[in-house]
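Biologist: I have a chain open on my screen and would like to learn how to read it. Could you walk me through it?

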Amino acid sequence: MNKPLVIVTRRLPDVIETRMMELFNCRLNLDDTPMSQAELIDAVKVADVLVPTVTDRIDAAVLSHAGPQLRLIASFGTGVDHIDLKTARQRGITVTNTPGVLTEDTADMTMALILAVSRRLSEGERLVRSGKWHGWSPTSMLGHRIWGKRLGIIGMGRIGQAVARRARGFGLSVHYHNRRRVHEALETELEATYWESLDQMLARMDIISVNCPHTPATYHLLSARRLKLLRPDASIVNTSRGEVIDENALARMLGAGDLAGAGLDVFEHEPAVNPKLMKLQNVVLLPHMGSATIEGRIAMGEKVLINIKTFVDGHAPPDRVLEAMY
Ligand code: 8YV
């Protein structure tokens, strides 16, 4: 491929866009609003390489319009649930992502949410900003100690492991459920206890952290039935994908006091947030910012550049995504 046409759906860090324009015939979406389906269809008709983000739904309908020149979808992000991998494979389109470089930032955000929910940080800040704080009292703004509590991690991939390492420093005991048990040396290093049964783990934890990808198998993994297994004093944080939790059931339980709290960085229908969640005090709501660091975004962009460059030079890109991984 000679100077392939690369269409980038959202604005990326300046340094990445500059390099992208040096290397490729690059078309940027200058107004940075998420592309409509019609715009995505126009893009796949002409692009040799598409660089989408989580806000672009690259489904079978969009891909059915792809011209034969579209050979690579180099996604800017780790999660690939917005891309129909099967249809891409059937059409001979390679898909890449950006794993590894947002692990630590997302794990930091997970810990931030655990602390924010347990120690009521958002509520406290709202109180101060409201002007209604009348000073210290022995009984006000009491949260829950996290030291000595049990953390159940759902999904012990890179991010789950990074959460586990941090959690030990906060005095949490680490438990996990995963499709496959991790190897013994890693389990020992993380001091993590494996639960083959998700149901049994849920019933025993103080805090649950969702760190698995969204796939057909994990859609509503935390269903209404499973959420009811949690203890009423338990809380839940999610820095993965909203679809892993039945958000309506979660909102109902939080509203009824059947769960202590939740910290959510992701939602089922982003950017829409369930209005029931909006009304609750015991919920911390963040705008999908788990990986939002300057360093992380540049590293993600560099990965996208390497994936495209390697591919157009005729080699296997380092971060090729295969359906079998999900
Ligand atoms: C990214 C994410 O920023 O990488 C992911 O899977 O969820 C985010 O943190 C986003 O996907 C960018 O496309």
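Biologist: What are the helix and strand percentages over residues 111–290?

Modeller: Helices (H or I, at least four residues) and strands (E, at least two) are DSSP runs, numbered from the N terminus. Over residues 111–290 the chain is 34% helix and 16% strand, with the end C-alpha atoms 10 Å apart. This is a predicted model, where local features need pLDDT of at least 70, side-chain atom pairs count only at pLDDT 80 or more, and totals for chains, interfaces and linings use all residues. Residues are numbered from 1 along each chain as its sequence is written.

Biologist: Which feature does UniProt place at residues 111–290?

Modeller: UniProt positions are given in the numbering used here, feature names are shortened, and annotations may be inferred rather than shown by experiment. The unreviewed UniProt entry places "domain: D-isomer specific 2-hydroxyacid dehydrogenase NAD-binding" at residues 111–290.

Biologist: Now the sheet, please. In what order do the five strands of the open sheet lie?

Modeller: Two strands pair if DSSP finds at least two bridges between them. Here the order is 2-1-3-4-5, and the pairing is parallel. Strand 2 (25–28) and strand 5 are the edge strands, each pairing on one side only. Strand 1 and strand 3 are joined in the parallel sense by three bridges, and valine 8 stands opposite valine 51 in strand 3.

Biologist: What does helix 13 pack against?

Modeller: Start with burial: a residue is buried if 20 or more other C-beta atoms lie within 10 Å of its own, exposed if 12 or fewer, and partly exposed in between, with C-beta atoms placed from the backbone. Among the buried residues of helix 13 are Met300, Val304, Leu305, Ile308 and Phe311. The helix's buried residues pack against strand 1 (5–8), helix 1 (14–23), strand 3 (49–51), strand 4 (72–74) and strand 5 (94–96).

Biologist: How far does helix 13 reach, and what follows it?

Modeller: The expected span of a helix is 1.5 Å times one less than its number of residues. Helix 13 (residues 294–312) has 19 residues and reaches 27 Å from first to last C-alpha, close to the 27 Å expected. Glycine 314 follows helix 13, and its phi is positive, near 90°.

Biologist: And the whole chain: how many helices and strands does it have?

Modeller: The protein chain has 13 helices and twelve strands. Its radius of gyration, taken over C-alpha atoms, is 21 Å, close to the 20 Å that the globule rule (2.2 Å times the number of residues to the power 0.38) gives for 326 residues, so the chain is as compact as a globular protein of that length. Buried residues make up 43% of the 326 residues.

Technical notes
Contact = placed C-beta atoms within 7 Å.
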